[in-house]
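The structure comes first, then the terms and values.

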Amino acid sequence: MWLHLAVLGGLFYVLRWYRERQVVSHLRDKFVFITGCDSGFGNLLARQLDLRGLRVLAGCLTEQGAEQLRNQTSDRLQTVILDVTKTESVAAATEWVKERVGDRGLWGLVNNAGICTPMAPNQWLTKQDFVKILEVNLLGMIDVTLSLLPLVRKARGRVVNVSSVMGRLALFGGGYSISKYGVEAFSDSLRRELCYFGVKVAMIEPGYFLTNMTQDEVFNGSVQASWDHASPEIQELYGDNFLADFMKATDFLKAPWAGNLSLVTDCMEHALTACHPRSRYSAGWDAKLLYLPMSYLPSFLVDLMMYWCSPLPAKAL
């Protein structure tokens with residue numbers, strides 16, 4: 001019996017490996033629009049796809065980021081300034097993309113733009129702290145997607161949304177996990193809607209990686225700012241020791257592969273170029289072996305694990 005199961009399991013993985021190695025034809029004729037290309041995953045993906053010969057349209061928040069990217073790539077790559085939180089900026093970028101893709105449509109849309117701070121205990125934060133993240137990570141992504149979907153439908157192309165393991169498991173307070181849970185829900189519903197029109201939707205769920213927005217100085221500066229704006233009552237409840245311990249939380253998350261951003265961009269590239277992309281990609285061994293399994297555990301077990309690993313407030317019962 002066990003031998004039969006092992007054989008079936010082996011056949012399944014061989015077939016999946018063969019199926020996933022099939023690549024879409026005529027990639028050099030296809031346009032891909034990527035948001036958040038100033039740095040991090042978006043920047044690396046733009047350079048990676050440009051080397052592959054695709055026609056990359058890169059959305060950057062700043063002219064400096066756009067210029068640096070153009071200097072590192074071929075003449076095929078084009079840039080546009082895009083602030084996903086501003087509808088007029090999204091509309092202007094959409095018209096810019098239309099002019100370039102013409103009747104061919106847009107093969108790939110990669111919603112990569114995002115922020116992760118402020119990230120702190122919920123009681124330290126204000127409504128505006130949550131709104132700030134939701135406007136970029138969720139509402140901005142929805143605005144860009146809905147604006148460009150007619151072009152993606154025309155090409156029967158792909159939508160690739162960057163989520164996170166924190167879209168499956170809320171490890172910290174703040175708007176980041178909330179926004180990524182929203183990305184998961186939007187992507188699931190969109191995938192089911194668009195399958196009737198030949199469009200495929202994939203989610204990328206990275207673990208912890210070192211990018212500009214996860215650097216210690218950025219994270220710690222944001223935590224300190226949230227602490228400074230918290231009420232005296234909250235500061236007394238948590239205490240200064242909690243603040244110091246919480247700032248060290250990212251040390252626990254760091255892994256040897258955290259600086260290898262290609263683990264994420266390779267998943268994005270596969271979602272765009274494979275004939276049979278996955279619905280979800282877990283990038284990083286921490287995502288595959290820790291966070292993803294944790295997300296399937298009973299809530300009380302995850303609560304216990306987080307209780308043991310998290311710093312205690314000064315006035316904890």
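Axes are lines fitted to C-alpha atoms, for helices over the stretch in contact, and angles run from 0 to 180 degrees between N-to-C directions. Helices (H or I, at least four residues) and strands (E, at least two) are DSSP runs numbered from the N terminus. This is a predicted model, in which local features need pLDDT of at least 70, side-chain atom pairs count only at pLDDT 80 or more, and totals for chains, interfaces and linings use all residues. Residues are numbered from 1 along each chain as its sequence is written, and side-chain values use heavy atoms, with hydrogens and water left out.

Helix 4 (residues 87-101) packs on helix 5 (residues 127-155) at about 20 degrees, and their axes are 10 Å apart. The two helices are therefore roughly parallel (angles under 35 degrees). In contact (heavy atoms within 4.5 Å) are Thr87, Val90, Thr94, Val97, Lys98 and Val101 of helix 4 with Asp143, Val144, Ser147, Leu148 and Leu151 of helix 5. These residues divide into 6 nonpolar, 3 polar and 2 charged. Ala, Val, Leu, Ile, Met, Phe, Trp, Tyr, Cys and Pro count as nonpolar, Asp, Glu, Lys and Arg as charged, and the others, Gly among them, as polar.

## Pockets

On a 1 Å grid over the protein atoms alone, a pocket is an open set of points with protein on both sides within 12 Å along at least five of seven lines, whereas in a cavity a 1.4 Å probe fits but cannot get out; lining residues have an atom within 4 Å of a point. A volume is the space filled by probe spheres set on the points.

The largest pocket has a volume of about 920 Å³. Of its 43 lining residues, Gly114, Ile115, Cys116, Thr211 and Met213 are the closest to its centre. Helix 2 gives the most to this lining, with 3 residues. The lining comprises 24 nonpolar, 16 polar and 3 charged residues.

The volume of the second largest pocket is about 640 Å³. Its lining has 27 residues, with Leu171, Phe172, Met306, Ser310 and Pro311 nearest the centre; by class, 21 are nonpolar, 4 polar and 2 charged.

## Cavity

The count is 1 cavity of 30 Å³ or more. The largest cavity holds about 60 Å³ of space. Among its 13 lining residues, Asn111, Asn112, Ala113, Asn137 and Met141 are the closest to its centre. Helix 5 provides the largest share of this lining, 5 residues.

Definitions and conventions:
Angles under 35 degrees count as roughly parallel, over 145 as roughly antiparallel, 65 to 115 as roughly perpendicular and the rest as oblique.
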